[in-house]
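Open the model in your viewer and keep the sequence panel beside it. The stops below are given in the order in which to select them.

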Amino acid sequence: MTIEPVNTEPVPLAVAGLSASYGVVPALRDVSITLHSGEIVTLIGANGAGKSTLIKAICGLVRPSAGNVRLFGEDVTGLSPDRLVRKGLSVVPEGRRLFSEMTMRENLELGAFARSDRAAVGRDFERVIDLFPELRERLATPAGAFSGGQQQMIAVARALMSAPRVLLLDEPTIGLAPAVVDRIADIITRIARTGVNVLLVEQNAETALSVADRAYILEAGAITAEDRAITLAESPEVQRAYLGI
Ligand SMILES: Nc1ncnc2c1ncn2[C@@H]1O[C@H](COP(=O)(O)OP(=O)(O)OP(=O)(O)O)[C@@H](O)[C@H]1O
Ligand SMILES: [Mg+2]
């Protein structure tokens, strides 16, 4: 008889049996997803599938009616976004939600609101800006003056300023030109290589499946498929429904 070694490393993010509704209308039904260490996981779903509701239920903006959320093994179900930030979870929300009158630098500094180690924040600021060299010269420009793609980069940069260990991105490529989509995809890959665990929620299945290790499909609030991203990208049903093939 062999004894399997016990893997004691806590799972970065585990969502189990999560349900949520708006009034009487169910939006999530028994959703379970896991983000293992070092993974980029994507959740693909059409308009209205419940993607943003899942993000909001994870980060405490929508109250689940059932199920739980664990962050590195700790039950964090229903904790507010600012408590979650302090525990290492950061979100790039749908529609970016930048403060458009404030400068890019001020938006990034807001991302570090929960941190008190100014020296470490300063070092992270330089590291984060290095990911977006095209923006470095414009730190004093109001966020609203940037292009859509640049604003998305600023939103990602702001989320990184909290030094997250788990990063949730809600449709970061929507509405962007193909070259900018590729740039965002490349940035997500580079972020993951620095040890950040990434959950990427997307309608753009082609991009999402190309950057992710593993993928889930969300339909009408329920997970209907789960597999390696490369396997789902080759599945005829996924190709028909999500890849326009
Ligand atoms: N605040 C709300 N009040 C009532 N119903 C809502 C609310 N927000 C979302 N819904 C409904 O819940 C369902 C899931 O919406 P959700 O925004 O999570 O979808 P989504 O997958 O993020 O869609 P999209 O790709 O358009 O962003 C939809 O039917 C939507 O109309
Ligand atoms: Mg959404």
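Begin with helix α5 (residues 148-160) and helix α6 (residues 178-193), whose axes come within 10 Å and cross at roughly 15°. Axes here are lines fitted to C-alpha atoms, for helices over the stretch in contact, with angles running from 0 to 180 degrees between N-to-C directions. Helices (H or I, at least four residues) and strands (E, at least two) are DSSP runs, numbered from the N terminus. α5 and α6 are therefore roughly parallel to each other, a term for angles under 35 degrees. Their crossing is right-handed, meaning that the near helix is turned clockwise from the far one by less than a right angle.

Show the side chains between these two helices. Gly149, Gln152, Met153, Val156 and Leu160 in α5 meet Val180, Arg183, Ile184, Ile187 and Ile191 in α6, where contact means heavy atoms within 4.5 Å. By class, this contact has seven nonpolar, two polar and one charged residues. Ala, Val, Leu, Ile, Met, Phe, Trp, Tyr, Cys and Pro count as nonpolar, Asp, Glu, Lys and Arg as charged, and the others, Gly among them, as polar.

This is a predicted model, in which local features need pLDDT of at least 70 and side-chain atom pairs count only at pLDDT 80 or more, while totals for chains, interfaces and linings use all residues. Residues are numbered from 1 along each chain as its sequence is written, chains are lettered from A and ligands numbered from 1 in the order in which they are written, and side-chain values use heavy atoms, with hydrogens and water left out.

From α3, Met104, Asn107, Leu108 and Gly111 meet Ile154, Ala157 and Arg158 of α5. The residues of this contact divide into four nonpolar, two polar and one charged.

Ser52 lies in helix α1 (residues 51-58) and Glu94 in the loop between β6 (89-92) and α3 (104-111), so the pair ties together parts that are 42 residues apart in sequence. Ser52 is buried, at 12% relative accessible area, and Glu94 is partly exposed, at 39%. Buried means under 20%, exposed over 50% and partly exposed in between (1.4 Å probe, protein chains only).

In the loop between β6 and α3, go to Arg96. Arg96 is not a glycine, yet has a positive phi of about 70°. Arg96 is buried, with a relative accessible area of 19%. Ala220 sits in the loop between β9 (214-219) and β10 (222-228) and counts as exposed at 55% relative accessibility.

Finish with Thr173, in the loop between β7 (166-170) and α6. Is Thr173 buried or exposed? At 5% relative accessibility, Thr173 counts as buried. Leaving aside neighbours within four places in sequence, Thr173 is in contact with Val181, Ile184, Glu202, Asn204 and Thr207.

Key:
Angles under 35 degrees count as roughly parallel, over 145 as roughly antiparallel, 65 to 115 as roughly perpendicular and the rest as oblique.
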